[in-house]
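Please give me a short tour of this protein model.

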Amino acid sequence: MIPSIHKPGSNTAGAIAYLYRTGRGHEAHTDPHLVASLDGLAPDPACDPGATFKQLAGYLDLPVEAVDPAERPDKPVWHCSVRAAPEDPVLTDTQWADIARRMVHATGIAPEGDDAACRWIAVRHADDHIHILATKVRQDGTKPRDSYSYKRAQAEARQIEADYGLRRVTPGDGTAAKRPTRAETEKAHRTGRQRTPREQLRATIRTIVAVATTPEEFFHLMASSGMKVEVLRFPSGDIRGYKVALDDDTNAAGQPIWFSGSTLAPDLSYPQIRNRLTATKPPGTGPRQPNPWHQATAATERIPHHLAGTDDAASQAHITAFAEALDALPLQAPENLRPQLRQAALNFERASRSRIQADHHHARALRGAIHTIARQPVGGDGAGLAMFLDAAVLAVIAIQRWHTARHHNQQVEATRRTLTDLQDAYDQAAAAPLAALAQRRPPEPAIESHAQRIRQTIPTHADQILNDPTWPALATTLTDAETAGHDPTQLLHHAADQRALNDPRSPTQVLTWRLKRLTQRQVPSSQARAAQARSTTLTAGNQRPAPPTTLIPKSLEPAERPSRPRR
C-alpha cells in the first residue's frame, strides 16, 4: 500500500471536481463517491441529487473561511492518495473508510477522538485507491500538527498491510527518485508516450553523466541531445544548476514543462554530477591503449573485493560507477540486447544510491574504461560485452549482499530484478562468441593435454569443467594462450586464484573469459616464468585448504536465491 502526499493546493472546488470527473481523459475514474468524512455529514454529489460540488467544497472550506484572512494559509488544501498493490484483493468501501481514518489520524490531520480536527473527505473513484482531501485549519481555528506527515503515513501503511494481509511494500530510505505524478502518467497515456517526460529525461541525463568526462562536456552533450536545456547561474556567473524539458512537452499555455536535475533524482543535481565528473580522469589518447573491455571487466571483477572492506564511502563509489557502466552499456550493445540492458540499468538505478555518501575518487578505473568504450565504434565480435556481463553478474550479487548487510531493503529488491536481466543478457551475448571458440576446437591430443592441466591445477572443479558443454571453448582459449607464448598452467593458476569457482556461474565460462583477457597481456620473459614457477611451487606446498566461499548473500535461502543462468 502506497500513500502519496501531494503538493498543497488552494482550490478546494477544483480538487473535488477532478476526483469526481469521469469520461474522456479520465477513463480510469469509475463510480466516484464518498467513502468517509470527518463526521459523516459531508454531502456526496454522487449519491444525493441535491448535493453539489460547491456544497462539498463549502463543507471543507468552512473552518478556513472562519479565521481572520491574515491568518489563513495560502494553500490550505491537503491531498493524500492511498493506493493498493495490483495483486491485493479489492477492498470494500468500509475497509477503505477505515484506512482513510487511520491515515488522517497518523498524519495529524484528524487525530481519533478530536472533535476540533480538520475537516476531511475520502473519495473512491477506482477499485484500487482512494483520495483524501482536507483543509489545514482545525475547527477551533488552529493549525494541525502534521509535521513529518509523509513518514508517518508510510509507517501507518506498513501497519495497514499487516492488519489486512496486503502485499508488504519495502520501506525506503528517502533516496529513491520521485515517481511520476498521476497527472503526468495520464498525460503520457493520452499523448501515446510509453514513459512520462520525467522518466524519459531521467534516463537520458543518466546516460549523459555516464559518458561525460567533464562538466563542460556534460552540458555540451545535453545541448546536442535534442532536449531543451537551461543553465542556472549565481550572480557571480558560476553554475548553480540546470533544468531540462522535452521539446513537445508543454503546459496549457504552450510553455515547456521544466525539470531540475534534483527533481529527476537525488544524484542528478548539478553539485552531485560535478563531484563525480571532477573526480574522473579523461580517457587516454596514447598510441598503445589497453583493451577497454578488458579494463572494465577487471575493474568490475574487483568490486566484490572492494565491498568486502570497511570503507563504506569507497564501496558506494564503486556501486555508483557500476551503475554508470550499466547506463552506458546499451550504447555499445547489439540492437537485440539493448532493451534488456536498458531495463537492467533502470532497475539498478534504485540500487545505486543510499544514505552513504560516495567518495568518487575511488572507482576511476571502471569509469575511465567505460568512457573509452563509449567513444569506440559499435561492433566487434561481442566477446568484450559477454566478458563484462559475466563479471557484472557476480558484481550485482556482491552489491546485493552489501545492501542486505546494511538493511537497504529497496536496494536489495532492485539488485534482485537487475540480476535477472543481466543473466538473460549474458546468455544471449555469450552464445555467439562461445560458439565461435568451440568451432576452432583444437586437436584431441591438445584437448587431452589441457584436460590434464585442469585436473592438476583445479582438481576440485575439474569434473564440472570438463563435462560442461562449453569446455571446447575453454580448450580453444588455452590453445590460443599457448600459441601466443604464454604458459597455460601459469595462466590457469592465475585465473583460478582470482575468483572462487564454486559460485552459481559456470566455472568453465568464468575461466574462458578470464584466460581470454589474461592472454592479451605481454608474454613474460624466461626469468619471470622461472620466478612464477618457483612461487607457484612454494604456494602449493605451503597452502592450507581454503574453506568454500560464495558470493551468494547469506540472508538468501536456496529457494530465494537469484535465478541461475540457463546452462
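## Basis of the model

This is a predicted model, in which local features need pLDDT of at least 70, side-chain atom pairs count only at pLDDT 80 or more, and totals for chains, interfaces and linings use all residues. Residues are numbered from 1 along each chain as its sequence is written, and side-chain values use heavy atoms, with hydrogens and water left out.

Helices (H or I, at least four residues) and strands (E, at least two) are DSSP runs, numbered from the N terminus.

## The five-stranded sheet

Strands of a sheet pair through backbone hydrogen bonds, either parallel or antiparallel. Here, two strands pair if DSSP finds at least two bridges between them. Five strands make an open sheet, in the order β1-β3-β5-β4-β2, with antiparallel pairing. Its edge strands are β1 (2-5) and β2, and each pairs on one side only. From one strand to the next, the twist averages 25°. Axes are lines fitted to C-alpha atoms, for helices over the stretch in contact, and angles run from 0 to 180 degrees between N-to-C directions.

Look inside the sheet next. Strand β3 (residues 77-83) pairs with strand β5 (residues 129-135) over seven bridges, in the antiparallel sense. Arg 83 has His 129 of β5 as its bridge partner. Four bridges link β2 and β4, also antiparallel. There, His 33 has Arg 124 of β4 as its bridge partner.

Is β2 enclosed or open? Five of the five residues of β2 are buried, so the strand is largely enclosed by the rest of the structure. Buried means under 20% relative accessible area, exposed means over 50%, and partly exposed lies in between (1.4 Å probe, protein chains only).

## Helices across the sheet

Lys 75 and Pro 8 are 67 residues apart in sequence, yet 5.7 Å apart in space, C-alpha to C-alpha. Leaving out residues up to four places away in sequence, Lys 75 touches Pro 8, Gly 9 and Ser 10. Contact means heavy atoms within 4.5 Å.

## The three-stranded sheet

Another open sheet has three strands in the order β6-β7-β8, with antiparallel pairing. Strands β6 (228-233) and β8 (259-260) stand at the edges with a single partner strand each, so one side of each has no neighbour in the sheet. Strand β7 (residues 239-245) joins β8 through two bridges. Lys 243 has Ser 260 of β8 as its bridge partner.

## Nonpolar cores

In soluble globular proteins, nonpolar side chains tend to be buried together. A nonpolar core is a set of buried Ala, Val, Leu, Ile, Met, Phe, Trp, Tyr and Cys residues joined through side-chain atoms within 4.5 Å. The largest one has 53 residues. Phe 322, Leu 366, Phe 388, Leu 389 and Leu 422 have the most contacts inside it. Which helix gives the most to this core? Helix α15 does, with 15 residues.

Leu 422 touches several residues, including Leu 326, Leu 341, Leu 389 and Val 396. Apart from this core lies another, of 27 residues, among them Leu 91, Trp 96, Ala 100 and Ala 117.

## A buried helix

Helix α21 (residues 507-518) has twelve residues and reaches 16 Å from its first C-alpha to its last. That is close to the expected 16 Å, which is 1.5 Å times one less than the number of residues. Eleven of the twelve residues of α21 are buried, so the helix is largely enclosed by the rest of the structure. Trp 513 and Arg 514 are among the buried ones.

Asp 31 counts as exposed, at 55% relative accessibility.

A disulfide is taken as a pair of cysteine sulfur atoms within 2.5 Å. By this rule, the count is zero. Cys 47 is exposed at 60% relative accessibility, whereas Cys 118 is buried at 0%.
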